[in-house]
Amino acid sequence: MYNYTDFDEAFVRTRTAQFAAQVERRISGALTEDEFRPLRLMNGVYLQLHAYMLRVAIPYGTINPHQMRQLAQIADTYDKGYGHVTTRQNIQFNWPKLTDIPKILSDLADVGMHAIQTSGNTIRNVTADHFAGAAADEIEDPRPIAELLRQWSTDHPEFQFLPRKFKIAITGSSTDRAVTRAHDIGLRMVRNEAGEPGFEVIVGGGLGRTPLVGTTVRDFLPKADLLPYVEAVLSVYNMLGRRDNKYKARIKITLHETGKEELSRLIEERFEELRPQFGGNDQALLDQITAAFSTPELRQADTGSYHAFYKADPTFRSWADTNLAAHKNPDYRIVTISLKKHGATPGDATSEQMRLIADLAERYGHSEIRISHEQNVILPHVHLSDLATLHAALRGSGLETANVGLISDIIACPGMDYCALATARSIPVAQQIANRFDELKLEHDIGPLKIKISGCINACGHHHVGHIGILGLDRAGVENYQITLGGDGSETAVIGERAGPGFAYDEIVPAIERIIAAYLEQRVDAGETFLQAYRRLGLAPFKAALYPDEGKRDAA
Amino acid sequence: MSRAFVTKVITGNDLLIGDVIYLTADDQWSRDHAEAELIEDEAHAQLRLLDAQRAKNVVGPYLADAKRGAKGPEPVHFREAFRTRGPSNYAHGKQVERPNV
């Protein structure tokens, strides 16, 4: 993976020293909160419901074992012994003291990590396919481009005061695991007729209060033009984006108000101006970066033991069936380690678990680790012959749950258990759904299903693109949960449809059960997934299951 | 006619730790909701909010609805009730820490 150059290191150290001085001035009273807030946000420091929160970037979800151990050390020294993996490939600490944060940033800098631009109206952490560099269906590893974008966007003077935050996601595969259509800019690698790799550029996607699937502004952008093109998009947005209304400030609204044709024209015009100015420097830098992302030297060994274990051990088989994905080398698998043990908080990892993951990555995974926006951890390169030993090592750690892609693999934002913006809780709803379907022993029978829960309209839990989405709201001083159905965050992205009136906190789990019962009853066979069944049947049968009394009333 | 005033407390977060704190009648900041000053009229509420905004150790003070209880003021809204306790997924925060440190 990419290691900091002297330039990166000096930049992060300088920023850490600046922030330490800013904290001192805030504590002495020399800075008011209004003056301090933008400074702390530039460095990922939020003030939440019960405490400060520090959001640390894991650029494009890539992290090494050494860094993982440092996160564990930070969790033990300055926090409550755990970290929370977010839906944008960051990790959050929920309980740091303001006075400790400069020390935490310094400890992060020691291992080439930072919290810069994880908040504020800037270009945020660039996210990528968490299977990047390993996936069987990949055209090219998108992470060198993501790293180029990180270097370009970090402290870019033109883009430090954007109308609003700006999120970029990138994938190198035809299967979209990075939700590119719900980002301000989504980049999907495609090939042109000559077979050369380039990008489909999608602009103006986003969730939140105005959920929109992004619009393709370029079907094929040559790889070499990527950076000037992205800069052109940002430049046009920076000019046109509305600064008068926070709720209309994202590029999706700019696109909507300006129109696709006019916005595309402005982008292309600006691109023509910018492209010659880059003078090939970006490509020279990209070449250097690309060298740092080479695939590790994969080993050759007998794979017979894997097949023997798969046959003999039903627990291992169940885990292998759900938590493994195809690797570009047929003797390897991509392992997803679930942070979704039934009843646990989605995305939380204890310091002990972080250390175990680091050890296992070193022993069996060529020292590579990824964090997914689905709040799980990935070991991207594990040889078939190591899988049974790896699984045995996970047993008893809380990391062995065989549920990736199933009903209990729920994305949930922190909600009102932590977040100052939340209007209702998300975590306990996720915990109860996971526990309930575990009790029923139904989840493997239900098959692939994505439930996503947000505790407010800002949609950090991506509820609009959940096959079942749950949005927690405050209705007249009581928690209330709205259900959307049929959402999809993949290459066939769709915003889910609202099912009807919301449910009280103690009614939401039974409501989800009724949806699932309707699906199991109406699916063609076990091969038809929930999303396929929904697309075939539409909302009506699920609505009837959700609101049985309404049907009776209509019939009467 | 204006609506009847709902009694209030003043609350914010501690500058150094971030913990939830409440303004008491004797101008201290307590970590216990029950020790907060229960404010019973609008004019006094605005004055007390000005006092709170001048305090050095508090971030983002605001008025929150509260009602009289057996042991002191009690929160009205569920958000404020969560703030008196901490998160529901772990025994962290006020629910396990001694109030009034």
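**Putting the definitions to work**

Trainee: Let me start with strand β9 (residues 197–203) of chain A: 5 bridges join β9 to β10(A), and the two run antiparallel. What makes them a pair?

Mentor: Two strands pair if DSSP finds at least two bridges between them. β9 and β10 of chain A have 5 bridges, so they meet that definition. One of the links is between A:Val201 and A:Arg218, its bridge partner in β10(A). A word on the model before we go on: it is predicted, so local features need pLDDT of at least 70 and side-chain atom pairs count only at pLDDT 80 or more, while totals for chains, interfaces and linings use all residues. Residues are numbered from 1 along each chain as its sequence is written, and chains are lettered from A and ligands numbered from 1 in the order in which they are written.

Trainee: Which are the edge strands of the sheet in chain A, and what makes them edges?

Mentor: The sheet is open, with 5 strands in the order β6-β7-β8-β9-β10 (chain A) and mixed pairing. β6 (127–128) and β10 (215–222) of chain A each pair on one side only, and that makes them the edge strands.

Trainee: Why is chain B called as compact as a globular protein of its length?

Mentor: The radius of gyration is taken over C-alpha atoms, and the globule rule is 2.2 Å times the number of residues to the power 0.38. For 101 residues the rule gives 13 Å, and chain B has a radius of gyration of 13 Å, so chain B is as compact as a globular protein of that length. Its C-alpha trace spans about 45 × 30 × 20 Å along the principal axes. Chain A agrees with the rule too: with 556 residues, a compact globule would be near 24 Å, and chain A has 23 Å.

Trainee: How do you know that A:Tyr60 is buried?

Mentor: A residue is buried if 20 or more other C-beta atoms lie within 10 Å of its own, exposed if 12 or fewer, and partly exposed in between, with C-beta atoms placed from the backbone. A:Tyr60 has 32 other C-beta atoms within 10 Å, so this residue is buried. A:Tyr60 sits in the loop between β2 (52–57) and β3 (62–63) of chain A, and its phi is near 45°, a positive value in a residue other than glycine.

Trainee: And what makes A:Gln89 count as buried?

Mentor: A:Gln89 has 26 C-beta neighbours inside 10 Å, so it counts as buried. Its place is in the loop between β4 (82–85) and β5 (90–93) of chain A, and its phi is near 55°, again a positive value in a residue other than glycine. Over the whole chain, buried residues make up 53% of the 556 residues in chain A; in chain B they make up 35% of 101.

Trainee: Which residues does A:Ile427 touch, not counting residues up to four places away in sequence?

Mentor: Residues are in contact if their C-beta atoms, placed from the backbone, lie within 7 Å. For A:Ile427, found in helix α14 (residues 427–439) of chain A, the list is A:Thr345, A:Ala412, A:Pro414, A:Gly415, A:Asp417 and B:Asn89. A:Ile427 is also buried, with 27 C-beta neighbours inside 10 Å.

Trainee: How many residues of chain B are in contact with chain A?

Mentor: 21 residues of chain B are in contact with 22 of chain A. α2(B) supplies the largest share of the chain B side, 4 residues.

Trainee: Which residues touch the most other members of the largest nonpolar core?

Mentor: A nonpolar core is a set of buried Ala, Val, Leu, Ile, Met, Phe, Trp, Tyr and Cys residues joined through C-beta atoms within 7 Å. In the largest, with 170 residues, A:Val233 and A:Ile357 touch the most other members. Helix α6 (residues 226–240) of chain A gives the most to this core, with 9 residues.

Terms used:
Contact = placed C-beta atoms within 7 Å.
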